[in-house]
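Here are some notes for a colleague who will be working with this model. They are set out as numbered points, to be read alongside the coordinates.

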Amino acid sequence: MRTRSIAATGLGFQLFRHAALGLGAFLMLAPFVIMISVSLKPSGEIFSPEFTLLPKQWHAWQNYADAFTKQPLARYILNGFIVTGSIFACQLLTALPCAYALAKLRWRGRETMFMLVLLGLLIPPQVTAIPLYILLWQLGLLNTYAAIILPSTISVFGIFLMRQFFLTVPDDLINAARLDGLGEFAIVWRIMMPTAMPAVIAFGVLSLVWNWNEFFWPLIVVQSEHLATPPLGVVFFANAEAGTNYGPLMAAATAITAPLVIAFLAAQRWFIDGVTMTAVK
Amino acid sequence: MAGISLRNIRKSFKDAQILHGVSLDIADGEFLTLVGPSGCGKTTLLRIIAGLETQDSGDVLIGERMVDDLPPKARDVAMVFQSYALYPYMTVAENIALPLEMRRLSALQRLPLAGRFMPGARAARAGIDRDVKAVAEGLGIGHLAARKPAQLSGGQRQRVALARAMVRRPKAFLMDEPLSNLDAKMRVQARTEISELHRSLGATFVYVTHDQAEAMTMSDRVAVMMGGHLLQVAPPQVIYDDPQDLAVATFIGTPEINTLPGRIGADGRVEVIGTPWPVTVEGQPGAEVTVAIRPEALMVTHGAASDAIALVGTIRHVEMLGAETLVHVVASPLTRPLVTRIEPSAAAALRTGDPVALSTDPRRVLVFGKDGKRIAVRQSSPPLVPAARGETVHV
């Protein structure tokens with residue numbers, strides 16, 4: 001397969017293809033490389049006319065120490081874990097039973113309900129921001145973790161992704177579980193979730209990245225610094241430092257990006273399985 | 001242990017009626033096979049017994065108890081699926097243990113991690129492990145306990161599926177083509193094993209298959225289903241020798257039973273290709289019938305036959321199968337060859353193209369009406385002396 005495609009396409013096209021992909025990768029990675037590079041340099045070196053990838057004078061320790069001490073960066077990161085973790089747990093709690101009902105149970109109105117779920121995918125979150133804000137204000141929940149978490153507890157995308165995956169699970173597996181004595185909820189948690197683990201992990205990574213980076217909603221509902229999520233924290237940081245001290249700022253940016261990169265790398269294999277729907281069996 | 005009764009079960013999907021009022025009594029400890037071509041409703045019937053489908057009307061009784069309103073888990077039957085339906089992420093031991101966990105552990109005791117510390121959980125788990133081990137050893141899969149289903153061969157998966165069904169000692173076993181994913185050799189072996197399993201467990205087995213060899217070799221009784229109707233329920237030999245419907249006669253038996261067009265003569269004798277045969281039936285004279293003869297009931301001889309029932313034809317093809325030989329003979333004016341099954345020694349002299357005569361014992365001739373139902377034979381005389389009109393001579 002592979003040898004045939006090389007023979008068929010020729011060396012010239014191979015080179016072109018790799019060059020194009022390489023350029024794309026370079027454009028994607030460059031900001032991150034510069035971010036890490038800057039986070040290692042002293043302030044004098046950052047704006048020096050000659051650009052070097054590695055600093056002449058290592059300033060990493062001071063930058064990262066500043067990042068964690070001048071602002072409660074660790075707190076922001078902890079907030080990030082609390083918020084994204086709670087959101088993901090709630091999303092699973094709702095998405096898995098919904099997806100199971102939409103994919104594997106027979107009931108009147110199922111197709112209509114699925115259409116409504118798909119419709120939910122089309123509504124941008126900004127549209128519902130003001131009603132949600134008023135609702136949270138009336139409930140007295142503004143400026144709490146709950147204000148950040150509650151609006152994201154139901155993920156339409158999660159329901160859709162899990163439903164598509166559940167469709168590929170053979171019906172007999174569910175029938176066997178019914179005969180073995182499992183109720184419908186037990187089937188969701190003991191049979192469907194483990195079977196769909198690649199999709200759960202893929203959804204987890206997407207949810208984590210999305211909610212970790214979410215800036216708009218936390219900015220609206222949270223004022224207190226001790227509740228700030230990582231992107232808010234970076235903004236606080238930039239404000240507090242008047243936006244000039246780029247070394248520690250980039251160190252802070254690196255620190256809050258790192259969990260995402262680590263999570264993605266750890267889940268990479270399942271992530272690809274889950275998104276391409278090829279896992280079961 | 002319990003018998004199963006089905007009373008007038010009907011089922012439709014959308015506009016298509018799948019089951020047209022099926023009634024069947026399965027005795028306690030019986031091995032009953034539902035056999036029929038694909039789409040005849042046999043799997044649907046099995047799923048209705050299991051509670052996985054709900055019938056439109058009719059009742060299911062398991063051990064004298066009406067189970068129509070009970071969910072599958074409360075019916076206390078186990079099912080082995082065609083695909084085996086093993087839980088892919090669980091080990092063999094966990095797969096087999098799951099039905100016991102659901103029955104013997106409380107919801108709290110089943111909790112991950114914390115459940116282990118609930119009162120009584122340890123003893124219950126030990127009991128489960130013991131039973132799982134015993135069943136796995138009994139089926140020769142004890143050494144596979146730690147493997148995942150993906151690491152097993154087809155035959156091993158099938159045993160795990162059996163073990164999972166057996167471990168909770170259900171009232172009845174429902175099997176949906178459990179051997180169809182095995183290769184031919186494994187299938188023959190597994191047939192014997194399932195029969196032995198049935199004998200040793202003494203439980204009621206309901207076995208669905210489209211493979212007549214499985215139906216004939218394993219069952220106490222065979223129920224032949226076609227198009228949502230039960231055509232005949234009887235022991236395998238009776239189904240073979242004494243089919244009550246032409247569809248049953250043609251479905252069971254390889255090679256297929258020979259069929260010839262005929263009609264009932266004025267004297268009640270069956271006429272085939274214009275010649276009256278010494279087979280007198282109850283039926284309207286002049287009615288069209290189908291005459292059916294099993295391949296082994298046809299004799300083939302060189303030259304003219306001495307029997308009264310004789311057809312003359314030409315050999316089209318000789319199939320040597322080792323233990324037996326099949327001879328295909330075209331008897332003009334019929335176009336479809338008749339197949340005879342004979343001893344290889346008797347076939348030694350037969351060559352393609354030879355003119356031969358076919359003869360049969362009138363007692364082995366089956367007659368079916370136009371609706372496919374069997375027509376009772378009033379008299380059939382063995383090798384006969386030409387008789388006066390309306391009489392038959394017995395020897």
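1. Contact order in chain B. Taking the contacts in chain B between residues at least 6 apart in sequence, 65% join residues that are at least 24 apart. The model is a predicted one, and this percentage, like the other values below, should be read as computed from it.

2. Overall make-up of chain B. The chain has 9 helices and 21 strands, and its C-alpha atoms fill a box of roughly 90 × 45 × 40 Å when the principal axes are used. Of the 395 residues in chain B, 51% are buried.

3. Extent of the interface. How many residues of chain B are in contact with chain A? There are 25 of them, and they are in contact with 16 residues of chain A. Between them the two chains bury about 1800 Å², with 58% of that area on carbon and sulfur atoms. The size of an interface is often given in this way, as the accessible area lost when the parts come together.

4. On the side of chain B that touches chain A, α1 (42–50), β6 (77–80) and α2 (92–104) of chain B each supply at least two residues. Of the elements of chain B, α2(B) gives the most to this side, with 5 residues. By residue class, the side of chain B that touches chain A divides into 16 nonpolar, 1 polar and 8 charged residues.

5. Cis peptide bonds. The bond from T254(B) to P255(B) is cis, with omega near -10°, and P255(B) has its place in the loop between α8 (246–251) and β11 (258–264) of chain B. The bond from S332(B) to P333(B) is likewise cis, with omega near 5°, and P333(B) lies in the loop between β17 (325–330) and β18 (338–342) of chain B.

6. Positive phi outside glycine. E64(B), a residue other than glycine, has a positive phi, near 70°, and is found in the loop between β4 (57–62) and β5 (65–66) of chain B. Its relative accessible area is 77%, so E64(B) counts as exposed. I273(B), also a residue other than glycine, has a positive phi near 45° and lies in the loop between β12 (269–272) and β13 (275–281) of chain B. With 34% relative accessibility, I273(B) counts as partly exposed, because that class lies between the 20% and 50% limits.

7. Aromatic pairs. Over all chains, the count by this rule comes to 10 aromatic pairs. In one of them, the rings of F13(A) and F16(A) have their centres 6.4 Å apart and their planes at 40°, so the pair is tilted. Both F13(A) and F16(A) lie in helix α2 (residues 11–39) of chain A, 3 residues apart, which is about one turn of the helix. F13(A) is partly exposed at a relative accessible area of 39%, whereas F16(A) is exposed at 55%. In chain B, ring pairs link F31(B), F173(B), F205(B) and Y207(B) into a cluster.

8. A residue in chain A. Is A267(A) buried or exposed? Its relative accessible area is 7%, so A267(A) is buried; its place is in helix α15 (residues 246–276) of chain A. Leaving aside neighbours within four places in sequence, A267(A) is in contact with I201(A) and V205(A). The C-alpha atoms of A267(A) and F165(A), which are 102 residues apart along the chain, are separated by 17 Å.

Conventions:
Residues numbered from 1 in each chain as written. Chains lettered and ligands numbered in written order. Predicted model: local features only at pLDDT ≥ 70, side-chain atom pairs only at ≥ 80, totals over all residues. Heavy atoms only, no water. Contact = heavy atoms within 4.5 Å. Buried area = accessible area lost by both parts, 1.4 Å probe. Helix = DSSP H or I, 4+ residues; strand = E, 2+ residues; numbered from the N terminus. Nonpolar A, V, L, I, M, F, W, Y, C, P; charged D, E, K, R; others polar. Buried < 20%, exposed > 50% of the residue type's maximum accessible area, 1.4 Å probe, protein only. Phe/Tyr/Trp six-rings, centres within 6.5 Å; stacked < 30°, edge-to-face > 60°.
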